[in-house]
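Here are some friendly notes to read alongside the model. Please keep the sequence and the 3D view open as you go through them.

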Amino acid sequence: MLLTLDRGNTSLDMMLHAPEAQRLRAPAGAPAPALAALAALAPSVTRAVGSTVVVGGLDEVATLLAAHGVRVELAGVDLPCPLPLAYPDPGTLGTDRWLCALAAHRAHGAALVVQCGTAITVDAVDVGGRFLGGAIAPGLRAMAAGLAGAAPALPRPAVLRAATVPGVTSPACVEAGIVLAFCGAVERLARDVGAALPAAAARLLTGGDAELYRQHGRARLQHAPDLLHRGLRCLAATTGSSS
C-alpha cells in the first residue's frame, strides 16, 4: 500500500492509497493522534513518498515507518521532478508547487493550479508538461497576521469566514476586508498567470483555504482537494523505489 505525505507549514496530511483512500490529518504542532493512527496501519505500508516545506518535517513519520522496513522517499531529494522546468535554479522551487502541477498535467494537460495555504501560489503548466512558473502571495492567515503586526490597534478577528460589506463593526470590517482581499488576490493572480495558457486550460483550486474561497470567490476554479497527494502518486508511478 502506498502512503503519501504532505508536511506543510501548519499541518501534516497523510493519505493511504488502498482500494479506498484513507486520509490522516493533524496540526503540525500536535501530530500525535495522526501518528498513532498511522502506527496501526504501518504494517500494510509498502512504500512512502512525501513532500515537506519544513526541513526535518517528516522525521517522526520516517522513524515510525523505518521500524517496519519502509523508508520515506522525499520529492526533490530522492525523487526528482519529472517535468521540464522554466526555473533556472530548480532547487529554489517548492516541491508542493511542481507536484500539484504534475498531477494537474497528468489529468488535464495544460493547467493553472491555485493553492490556498499559508501562501497563495498560482502556477502554470503547458500542454507539453513544462512548468512555466507563477506567483506567490500571502495567504489568508498571513494577510491577517501582517495587518495585525502593522496596525496593532485594529481588532483581530477570532475567525475568518464572513465577508459582508459594508461592515458595521470594526471586527466585521477587518474580517470582510481580509477575506475579500484574499479572494481578490486569488482572482487577479489566476487571471494574470493564466494568460500564459490557452483559454481552454484547466483551472484547479486546492489547499486548506480553498473552501473559503469557494464560498466567497468569483472565479470559476475546479476544486481538487487532494491534488498534491495525486502528484505524489504520479511521482511514485513514474519512478521506482529508491530504497
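1. **Ground rules.** This is a predicted model, in which local features need pLDDT of at least 70 and side-chain atom pairs count only at pLDDT 80 or more, while totals for chains, interfaces and linings use all residues. Residues are numbered from 1 along each chain as its sequence is written, and side-chain values use heavy atoms, with hydrogens and water left out. Helices (H or I, at least four residues) and strands (E, at least two) are DSSP runs, numbered from the N terminus. Two strands pair if DSSP finds at least two bridges between them.

2. β1 and β2 run antiparallel and are joined by six bridges, with a hairpin of three residues connecting them. β2 then pairs with β3, again in the antiparallel sense over six bridges, and four residues lie between these two strands in their hairpin. For a landmark, look for Asp13, whose bridge partner in β3 is Arg25. On the parallel side, β1 (residues 2-7) is linked to β4 (residues 47-52) by six bridges.

3. β2 is mostly covered, with six of its seven residues buried; buried means under 20% relative accessible area, exposed over 50% and partly exposed in between, using a 1.4 Å probe and protein chains only.

4. **Glu73, a charged residue inside.** Glu73 sits in strand β5 (residues 72-74). Is Glu73 buried or exposed? Glu73 is buried, at a relative accessible area of 0%. Its side chain makes a polar contact with the side chain of Arg47 at 2.8 Å. A polar contact is a pair of N or O atoms within 3.5 Å; within protein, one must be able to donate a hydrogen and the other to accept it, and residues adjacent in sequence count only if both atoms are side-chain atoms. Glu counts as charged, along with Asp, Lys and Arg; Ala, Val, Leu, Ile, Met, Phe, Trp, Tyr, Cys and Pro count as nonpolar, and the others, Gly among them, as polar.

5. **Another open sheet.** Five strands also form an open sheet in the order β8-β7-β6-β9-β10, with mixed pairing. Its edge strands are β8 and β10 (222-223), each pairing on one side only. β6 (residues 111-116) and β7 are antiparallel over six bridges, and two residues make up the hairpin between them. β7 and β8 (residues 131-138) are antiparallel over seven bridges. β9 (residues 202-206) and β10 run parallel, joined by two bridges.

6. **Thr121 and its strand.** Six of the seven residues of β7 are buried, so this strand is largely enclosed by the rest of the structure. Thr121 is in β7 (residues 119-125) and is buried, with a relative accessible area of 7%. Leaving aside residues up to four places away in sequence, Thr121 touches Arg97, Val113, Val114, Gln115, Ala135 and Ile136; contact means heavy atoms within 4.5 Å.

7. **A helix pair.** The axes of α3 (residues 95-108) and α7 (residues 227-238) come within 7 Å and cross at roughly 80°. That makes α3 roughly perpendicular to α7, where 65 to 115 degrees counts as roughly perpendicular, under 35 as roughly parallel, over 145 as roughly antiparallel and the rest as oblique. Among the contact residues are Trp98 and Leu102 of α3 and Leu228 and Leu235 of α7. By class, the contact has 12 nonpolar, two polar and three charged residues.

Notes:
Axes fitted to C-alpha atoms, helices over the stretch in contact; angles between N-to-C directions.
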